[in-house]
Amino acid sequence: MRLQDKVAVVTGAASGIGKEIATVYVREGAKVAIADLNTEAAAATAKELDPSGERATGVAMDVTNEQQVDAGIQQVIDRWGRLDVLVSNAGIQIVAPLVEFQLAQWQKMLAIHLDGAFLTTRAALRQMYKQNSGSVIYMGSVHSKEASVLKAPYVTAKHGLLGLAKVVAKEGAAHGVRANVICPGFVRTPLVERQIPEQSKELGISEEDVVKKVMLKETVDGEFTTVADVAETALFLAAFPTNALTGQSIVVSHGWCMN
Ligand code: NAD
């Protein structure tokens, strides 16, 4: 068990990548808060992972809401007494050509991906600094390093997470806190399933071609990355024992991106 009795908060953990990370963390002995906007799904996920409720709990949290983030993180600390790992993972996607993006859509994207990362990080660091230890993991994307058409705010926000992680790495070092970014390629979660018909319409190509010629075109083997691939990386980063690995980004994308 690589995370025995560690306490973790995973945002957006009621679905997709976050849910698999929470599953692997519980399997490895951690106590995990499933923090999500979708309160019912968060509670159901917690129950699925640990029916006794001892090692998994649902926490209602809109990561863009300062009060809800602070209260949610505090709830976890009150319950389990510490906080060792934050996985800032909650995210959405909105695709459109840049000239058609509405300001409200742009702001919503940046609020969830960047305000959410800032607010959860700040709340977590307050506790981690007291303990003099902690690991912060951001869910970036290949879009932290590369660009694609139709994804202006997503690419902008995911690039921004690299900067935030580097600042947390520098400021956190004196307090035993490290910060890193995972950059997955395409993973077949609800977030991606929704994009296939949307991009097919926007680009005027079939759904099959969106998968083959857009999403997986640059991979070395035409394969999707899986939630398990990303969760194993999140386990590696959470369990890593020293500050040697901090301020880094790890790409998990079947070779789509190699830098
Ligand atoms: P998903 O849609 O399956 O899950 C996202 C979860 O986040 C949902 O449970 C949703 O309720 C929650 N959420 C949304 N807005 C929230 C908010 N304001 N506050 C709290 N929770 C909120 O998506 P996913 O594919 O698992 O994506 C998770 C993360 O991984 C995102 O940051 C995404 O950008 C990133 N990512 C996904 C892929 C991919 O191909 N799926 C690739 C790279 C990066």
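Predicted model: local features only at pLDDT ≥ 70, side-chain atom pairs only at ≥ 80, totals over all residues.
## The largest pocket

The largest pocket has a volume of about 780 Å³. Its lining comprises 41 residues, and those nearest the centre of the pocket are Asn 89, Ala 90, Gly 91, Ile 92 and Leu 191. By residue class, the lining of this pocket divides into 19 nonpolar, 17 polar and 5 charged residues.

Several secondary-structure elements contribute to this lining. At least two residues each come from helix H1 (16-27), strand E2 (31-36), helix H4 (103-131), helix H5 (152-173) and helix H6 (190-203). The largest share, 5 residues, is supplied by H6.

## The enclosed cavity

Empty space inside a protein can be located by rolling a probe the size of a water molecule over the atoms. In this model, the count comes to 1 cavity of 30 Å³ or more. The largest cavity has a volume of about 70 Å³.

The largest cavity is lined by 13 residues, with Ser 88, Asn 89, Ala 90, Ile 112 and His 113 nearest its centre. H4 and H5 are the elements that give two or more residues to this lining, and the largest share, 5 residues, comes from H4. The lining of the largest cavity consists of 6 nonpolar residues, 6 polar residues and 1 charged residue. Asn 89 and Ala 90 are named among the residues nearest the centre of the cavity and also among those nearest the centre of the largest pocket.

Helix H3 is formed by residues 66-80. At 1.5 Å a residue, its 15 residues should span 21 Å, and the end C-alpha atoms are 22 Å apart, which agrees.

The buried residues of H3 are Val 69, Gly 72, Ile 73, Val 76, Ile 77 and Trp 80. Because these residues cover an arc of only 135° around the axis, they lie on the same side of H3. An α-helix has 3.6 residues a turn, so residues three or four places apart point the same way. The buried residues of H3 pack against strand E1 (7-11), E2, strand E3 (56-60) and H4. On the face turned away from the buried side, H3 carries the exposed residues Gln 67 and Asp 78.

Thr 45 belongs to helix H2, as does Ala 46, the helix being formed by residues 39-49. Thr 45 has a relative accessible area of 2% and is therefore buried, the limit being under 20%. Ala 46, with a relative accessible area of 5%, is buried as well.

Apart from neighbours within four places in sequence, Thr 45 is in contact with Ala 13, Ala 14, Lys 19 and Ile 34. With residues up to four places away again not counted, Ala 46 touches Ile 34, Ala 56, Thr 57 and Gly 58. Ala 46 and Lys 19 are 27 residues apart along the chain, and their C-alpha atoms are separated by 9.4 Å.

## A buried loop residue

Ala 30 is located in the loop between H1 and E2. Its relative accessible area is 1%, and Ala 30 is buried. Leaving aside neighbours within four places in sequence, Ala 30 is in contact with Leu 3, Asp 5, Lys 6, Tyr 25 and Arg 55. The C-alpha atoms of Ala 30 and Pro 197, which are 167 residues apart along the chain, are separated by 38 Å.

Key. Residues numbered from 1 in each chain as written. Heavy atoms only, no water. 1 Å grid on protein atoms, 1.4 Å probe; cavity = no way out; pocket = protein on both sides within 12 Å on 5 of 7 lines; lining within 4 Å. Points joined across faces, edges and corners; volume = space filled by probe spheres on them. Helix = DSSP H or I, 4+ residues; strand = E, 2+ residues; numbered from the N terminus. Nonpolar A, V, L, I, M, F, W, Y, C, P; charged D, E, K, R; others polar. Expected span 1.5 Å × (residues − 1). Buried < 20%, exposed > 50% of the residue type's maximum accessible area, 1.4 Å probe, protein only. Arc of directions from axis to C-beta. Contact = heavy atoms within 4.5 Å.
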